[in-house]
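These are my notebook entries on one structure. I set down what I looked up, in the order in which I looked.

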Amino acid sequence: MPDPRDHLLSWLKDAHAAEEQAITMLSNLDRRIENYPELKARIEQHIDETRRQSARVEECLKSLGSDTSMLKAVGTKLMGLGQGISGIFTSDEIAKGVLACYTFEHMEIASYRMLVGAAKQAGEPEVQRVCEEILEEEKAMAKWLEDHLEDLTQKFLAREATEATAKH
Ligand SMILES: [Fe+2]
């Protein structure tokens, strides 16, 4: 009979890979931001959160008896992909970067909601609690972006209209 723990384990591994990818994506964006101090500060806060999330998900996997020795290899592969994508800079890279972050956060929100359900079903209250806490951090980041998307876009367009360089 299929065991809900099998799905819980594989979804936790996916979540871990996503966090590693997020660290690369957010760090690349952070390095490029010069003129949006509020955005830069919030991105840096979330990089710290994301590093903790990755470690906490790894702990969950260990607590479930999973072999975590392959996690780094998968993470590195995804990171390479993230670097490749982030290496393409366009004139509207800040707008595209914020769009990518907003999209990514919502993917993570869905992923952790599913993990909360899976942990409940598998009878793993500690994993459930960790996923609920991470979910709140992802929701807070998505909410911040939601609240600032219009302003950031207006600021970006205003900078573009007045300056020839350094729109990021
Ligand atoms: Fe995350």
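I began with Glu133, which counts as partly exposed because its relative accessibility is 33%; the class lies between buried, under 20% relative accessible area, and exposed, over 50% (1.4 Å probe, protein chains only). I then looked up its partner: Arg56 forms a salt bridge with Glu133, with the closest N and O atoms 2.6 Å apart. I took a salt bridge as a side-chain nitrogen of Lys or Arg within 4 Å of a carboxyl oxygen of Asp or Glu. The pair links distant parts of the chain, Arg56 being in helix α2 and Glu133 in helix α5, 77 residues apart. Helices here are DSSP runs (H or I, at least four residues), numbered from the N terminus. Arg56 is also partly exposed, with a relative accessible area of 27%.

I note the conventions at this point: the model is predicted, local features need pLDDT of at least 70, side-chain atom pairs count only at pLDDT 80 or more, and totals for chains, interfaces and linings use all residues. Residues are numbered from 1 along each chain as its sequence is written, and side-chain values use heavy atoms, with hydrogens and water left out.

I looked up Lys143 and Asp147, whose side chains meet in a salt bridge (2.7 Å, N to O). Both lie in helix α5, four residues apart, about one turn of the helix. Residues three or four places apart point the same way, because an α-helix has 3.6 residues a turn. Lys143 is partly exposed at 48% relative accessibility, and Asp147 is partly exposed at 45%. Salt bridges that share partners join Arg56, Glu126, Arg129 and Glu133 into one network. In helix α2, Asp48 and Arg51 lie three residues apart, and their side chains meet in a salt bridge at 3.9 Å, N to O. By this rule I record a count of 13 salt bridges.

Which residues coordinate the iron ion? I find Glu19 (OE), Glu19 (OE), Gln53 (OE1), Glu108 (OE) and Glu138 (OE), at 2.0 to 2.6 Å. Donors are N, O and S atoms within 2.8 Å of the metal (3.2 Å for Na, K and Ca); water is not among the atoms, so sites may look incomplete. Along the chain the donors follow the spacing E-x33-Q-x54-E-x29-E. Glu19 in helix α1 and Gln53 in helix α2 are 34 residues apart, and both are buried.

I took a nonpolar core as a set of buried Ala, Val, Leu, Ile, Met, Phe, Trp, Tyr and Cys residues joined through side-chain atoms within 4.5 Å. The largest has 21 residues, and Leu8, Leu12, Val57, Tyr112, Leu115, Val127 and Cys131 have the most contacts inside it. The elements that give two or more residues to this core are α1 (4–32), α2 (37–63), α4 (93–122) and α5 (125–162). Helix α4 gives the most, with seven residues. Leaving aside neighbours within four places in sequence, I find Cys131 in contact with Leu12, Tyr112, Leu115 and Val116; contact means heavy atoms within 4.5 Å. Apart from this core lies another, of 19 residues, among them Ala18, Ile47, Met141 and Leu152.
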